[in-house]
Amino acid sequence: MDFGPFLLLASLEGLVMAAVLALTAVGLSLVFGVMRVVNVAHGEFFMLGAISAWFVVDLVPGPAALGFAAALIISPLLVGAIAAIADMTILKRLHYEPEATIVATIGLLYIFQQLALTFYGADARPVEAPFSLRIQFPWFGYSGYKLAVIAASVVVLVGVWAFLTKTRAGLVMRATQLDRETAQAFGINVDRVFAGVFALGAALAATAAVLVVPIQQAHYLMGGDPLLLSFIVVIIGGLGSLRGTVVAALLIGLSDGIISVFFSPTLAKIIATLLVAMVLVFRPQGLFGRRPA
Amino acid sequence: MTGVLNRSAILHIGVVILLFALQFVLPPYHHTNMARIMTLAVFAMGYNVAFGYTGLLSLGHALFFASGLYAAGLLIQMGGWSALPAFSMALIAGGGLALLVGVLALRTTGVAFMIVTLMFAQAGYLTVLYLGEWTRGDEGLVLPAASRTIGSLDLTNDTTRYFCALALFSIALLGCYLLARSSTGRVLIAMRENEERSRMLGYDPLRYRLTALVISAVMSAAAGAAYGVLFGYVGATFASIQYSIFPLLWVLLGGAGTVLGPFLGVLLMTYLVDLAGDVTSAHLLVVGIALVLTVLFAPRGLLGTVRARWLPWLP
């Protein structure tokens, strides 16, 4: 294959990755932005989304598309509900103190992971794609489903953006983000907003996972990579900035493929990790964020 | 004041004497377990210097533990060094690494500090995997028994191993005890409690934090090197994020900012996981539940609660 088509293929793969990453990272960023909570269990919400999708597809009879559609609705709702319960029973009682919540979410990470191991098992299991369309480019054929993943991510992201900027609930969330106490003084139920935001963040991770599960199999340890990558994306994009997060996801997703071509994947990861640490040390507002006044 | 000093000194010396006496009565399984617990308790005590006393919540201490483990392990395996010089080099490696990491990471505080230390440790873990040709990655190295000696002491012998672990543990315990009562120790606590005010009193926060981090890392590296030499195995698991979480859990459980808390935390956690092992293979579930329950119901840990309720003189 020539360099041009090869680059196109790499970019397409990168775009798929960026799309899934953007959804996951926006969830993490939203939770950090509004609640100031670093959710270490975010990757496990991703994992729970994938595993619950496998269960749903397994249980729903009929064509694969039907089961998948059901999973796309049920998994995010289920994972969101689990997150809301975790928020109300644990995080709220810790008064969202940063250090305590980190420790608690580390605890949740282990609990979710081990429960998945117990009830789902140690196997990686595939989920059938809802359709198997192959789009033929002049140089190579490409999975139509992967292109659909990109489109679906864009739709969900636009939906989140519209929700935050155009609806009353979104307005309430942004108000809470700007000034928790004033919001409370204006009669906003901050507890409910927090539970909602935590659920929404988890549901976004779960949605990303359902979309990715026909490409990548569901496994109880699959939450590690999305967590680390989401952290990287959120930090580079500026903690709590949604626009920065999406831009950074595109950047990371696209460049990941290209870096991996030149270096061994492990070395690429080492360099990326150290670079991100340096960004936090020297530009804590992120590459795209503005220093708060 | 002298009475108070005696009371707490007696308690700590008593613990050491008790551990010494235990060695004669413990059955073999618990004997080895106890040696492991004391070695890991040194790691926990090191973590406590940074987290418990100075308030530096690091999520990357596996880096320091592993630096000691690998410095000693590789020097023995590749360089043919004997145990004691390799152990000394491991302390230097841990301290040097902490100096480097500290100068960068201590520019940040709070959540950013946690993530930066996490990232450094992750980079360290990946480096261990990347250098698989020498480290053998996840599979790890088994140190030859012939090299695990100090002079004529054979460290593969159960009794010798127990006493070496106890010696290291006692030195670390004494060090922590003296540090907690020293003027430096009090400045470290002041950094945790109120940075602004201590700065106003003329103490340089960066200098004291860096000192605490280096002390903490040297202790962690000592524990890592001792673990490698005493138990003869060096593997990448010890560099993974789990080994950054464990010391946090041990210290939280036993009581952050108490001298004996870390040891108590390791002891409790080891036997809890051990007991749970009979019921479920998912032993990390116990770790998770312990973490959540501790932050919810005993945020000061066992000894922290004891100190607040009954024994205010506990260091």
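Me: What does the accessible surface of chain B come to?
Reply: About 13000 Å². Carbon and sulfur atoms hold 67% of that surface. Keep in mind that this is a predicted model.

Me: How many residues of chain B count as buried, as a percentage?
Reply: 55% of its 315 residues.

Me: What radius of gyration does chain B have, and what would a compact globule have?
Reply: Chain B has 19 Å. A compact globule with 315 residues would be near 20 Å, so the two agree.

Me: What box do the C-alpha atoms fill?
Reply: For chain B, roughly 55 × 45 × 40 Å along the principal axes.

Me: How many helices and strands are in chain B?
Reply: 14 helices and four strands. Take chain B contacts between residues at least 6 apart in sequence: 79% of them join residues at least 24 apart.

Me: Switching to one residue. Where is Ala308(B) found?
Reply: In helix 14 of chain B, which covers residues 301-309.

Me: What about charges in chain B?
Reply: There are 16 positive and 11 negative ones. Their mean positions lie 14 Å apart.

Me: Now chain A. What is its average pLDDT?
Reply: 86, and 94% of the residues score at least 70.

Me: Which elements of chain A have the lowest and highest mean pLDDT?
Reply: Helix 10 (residues 242-262) is lowest at 78. Helix 8 (residues 190-212) is highest at 94.

Technical notes:
Residues are numbered from 1 along each chain as its sequence is written. Chains are lettered from A and ligands numbered from 1 in the order in which they are written. This is a predicted model: local features need pLDDT of at least 70, side-chain atom pairs count only at pLDDT 80 or more; totals for chains, interfaces and linings use all residues. Side-chain values use heavy atoms; hydrogens and water are left out. pLDDT is the predictor's confidence in each residue, from 0 to 100. Helices (H or I, at least four residues) and strands (E, at least two) are DSSP runs, numbered from the N terminus. The radius of gyration is taken over C-alpha atoms; the globule rule is 2.2 Å times the number of residues to the power 0.38. Buried means under 20% relative accessible area, exposed over 50%, partly exposed in between (1.4 Å probe, protein chains only). Contact means heavy atoms within 4.5 Å. Accessible areas come from the Shrake-Rupley method with a 1.4 Å probe; for residues, only the protein chains shown count as cover. Lys and Arg count as positive and Asp and Glu as negative; His and the chain ends are not counted. The place of a charge is taken as NZ of Lys, CZ of Arg, CG of Asp or CD of Glu.
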